[in-house]
2 protein chains.
Amino acid sequence: MICRAALAFLLIAAAPPTGEPLLVPAKVPTVAEVIAAAPPRDWIAFEQDDLFYMMLANGHRVVIALIPSFAPATVANIKRLAAAHWWDGTSVNRVQDDYVAQWGDATEKKPLPPGASKTVPYEGDGIPDPALPRTPVPGPDGYAADTGYVAAGWPVARDPASGRAWLVHCYGMVGVGRDEALDSGDGAELYAVIGASPRNLDRNVTLVGRVVDGIERLSSLPRGTGALGFYEKPEQRVPIRTVRLGTEVPRAEQLDLLTLRAGSQSFAALVAARANRSEAFFAHKADYVDLCNVRSPVMQKIVQRVHIDAK
Amino acid sequence: MICRAALAFLLIAAAPPTGEPLLVPAKVPTVAEVIAAAPPRDWIAFEQDDLFYMMLANGHRVVIALIPSFAPATVANIKRLAAAHWWDGTSVNRVQDDYVAQWGDATEKKPLPPGASKTVPYEGDGIPDPALPRTPVPGPDGYAADTGYVAAGWPVARDPASGRAWLVHCYGMVGVGRDEALDSGDGAELYAVIGASPRNLDRNVTLVGRVVDGIERLSSLPRGTGALGFYEKPEQRVPIRTVRLGTEVPRAEQLDLLTLRAGSQSFAALVAARANRSEAFFAHKADYVDLCNVRSPVMQKIVQRVHIDAK
């Protein structure tokens, strides 16, 4: 396998900073061990301003972390729509098995609020490579010259020839529905990937975020029986009660979410752990993992203050 | 992209047998066009003896095509269990998001019927490459030297060095639960893949089939909240009313299912259509498709006899 050398490098990089690096580690840590050992500096917190809280009428919550850096104009429009409470009373209208769950205004006639744009520049083909700290995926990828993770674990592909970088359609990624015209997606119609990574959509639609809590609330919805998985009867749609940015959510209902920081030692160890599973169950070690088979764990940070002075 | 030449070859191979081959096709056919144009010789029928009909107590049906050629001992044991109606009254016990739905006897104590084996030889590492007619996937795959489709569209990887071939964990594939010992899976505990292709399981578990009808009945079940997605309360489990091989299903309830034959011209055209989507929506052509992003379409064959002689 061509990626063995690269993985050995990752293992060295993942060795504890104290003491000698492990040239030949006795055992690749498991994912659980990597998470347990990750120091505070390897975690990154999501900003409430980038969190999109969607409350379904059935009481279920879905939280999406928006990614302004890869789609600034589209995410700005989405934030305008959320601030205007535009999605309140809309619905999940389409659930296509092994593909996407999609929500928005079923009538496609609800006017956008003042300040929001009906036409947003197409941002599906990525941005000039921002050269962020990054954890590479060693080994080949059929869709792109180069893949890896940046920032809060966003899966990103790059093309050194064009100098561009773009988000990739992994499970849980959120994108913008559009018609045939590239600039016809304004962000009002959104979908989440709920099946095998539809990489053929890469560079064809603007990705704007990733579900960081509650993806199972979308992936377990009944499938629509109409064309493309649309619900055929209005009463089958799943109503959306509210969508709020985290900054508008009452403090007690905000989630303080952390994830591993791409480019950190722990993230490299996470990739190595997924590429060669050391749990006893795995008799065959793949010595490889594709971009979409690693997801940065999302943890909720709970701070407790304990009174320790004299009672 | 390294696969362009190979795809051009596929396009030539997919040209109609009459007339000149299309050296420079004006347009890659769409998946829908490939299916519509596939001649009868490019379709293959499933045998009822290989179809596993699972009726859930909620009235939903899931049909799995078993693949004896890649796991003969395990599939033989599964057929013994089905013939003994062993799964009747068992349940779906585990649904882990982005991973698997798993069913069997929740108590793990139900005795196997006479003739069925508690220990079956491990068949997860494939078989000597059967050199079946095959449609290759052009381009790289990180997990295996070589990938493609055989027979009824089974996704298969090969290692020319060892001469072995094995089934691959794509969406809808069905495998055998086991403990740490490789030979601890007897086929009584089965799972279906309902998320991003967990290729790290390849060569670690015995795959025995593929869901050919009703995968959405499993993938839309509520996720279990226990470890590994097991349901925490017995009443959350989804009861299985019956499991029957097609040979025991009343004729009126049998499905006559067809799929594209791997190795046929139509199957090569299907792969080409998925690698370069010619629908107007796709501005960017990937010029590549990974093994798990092509699934042979499953069609139901309905024969009508119309009386045409004098009334």
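## Cavities

In this predicted model, a search of the whole structure turns up 11 cavities of 30 Å³ or more. The largest cavity has a volume of about 290 Å³. Its lining is made up of 22 residues, and those closest to the centre are A:Y143, A:R199, A:D290, B:Y143 and B:D290. Both chains therefore contribute to the lining, since a lining residue is one with an atom within 4 Å of a cavity point. By class, the lining of the largest cavity comprises 10 nonpolar, 6 polar and 6 charged residues.

The second largest cavity has a volume of about 80 Å³. The residues lining this cavity are A:Y149, A:G153, A:P155, A:C170, A:Y171, A:M173, A:R210, A:C292, A:V294 and A:R295. Of these, 7 are nonpolar, 1 is polar and 2 are charged.

## Relation between the chains

Chain B superposes on chain A with an RMSD of 0.1 Å, by a turn of 180° and a shift of 0.0 Å along the axis. The two copies are therefore related as by a two-fold rotation axis. Each copy uses the same surface for the contact: 100% of the contact residues of chain B recur in chain A.

## Interface between chain B and chain A

The contact involves 42 residues of chain B and 42 residues of chain A. Between them the two chains bury about 3500 Å², and carbon and sulfur atoms account for 56% of that area.

Two kinds of polar interaction were counted across the interface. There are 2 salt bridges between chain B and chain A, and 18 residue pairs are in polar contact, with both residues at pLDDT 80 or more. The side of chain B that touches chain A consists of 19 nonpolar, 9 polar and 14 charged residues.

One salt bridge joins the side chains of A:R295 and B:D98, with an N to O distance of 2.5 Å.

Definitions and conventions:
Residues numbered from 1 in each chain as written. Chains lettered and ligands numbered in written order. Predicted model: local features only at pLDDT ≥ 70, side-chain atom pairs only at ≥ 80, totals over all residues. Heavy atoms only, no water. Least-squares fit on C-alpha atoms with pLDDT ≥ 70 in both. Contact = heavy atoms within 4.5 Å. 1 Å grid on protein atoms, 1.4 Å probe; cavity = no way out; pocket = protein on both sides within 12 Å on 5 of 7 lines; lining within 4 Å. Points joined across faces, edges and corners; volume = space filled by probe spheres on them. Nonpolar A, V, L, I, M, F, W, Y, C, P; charged D, E, K, R; others polar. Buried area = accessible area lost by both parts, 1.4 Å probe. Salt bridge = Lys/Arg side-chain N within 4 Å of Asp/Glu carboxyl O. Polar contact = N/O pair within 3.5 Å; in protein donor to acceptor, adjacent residues only side chain to side chain.
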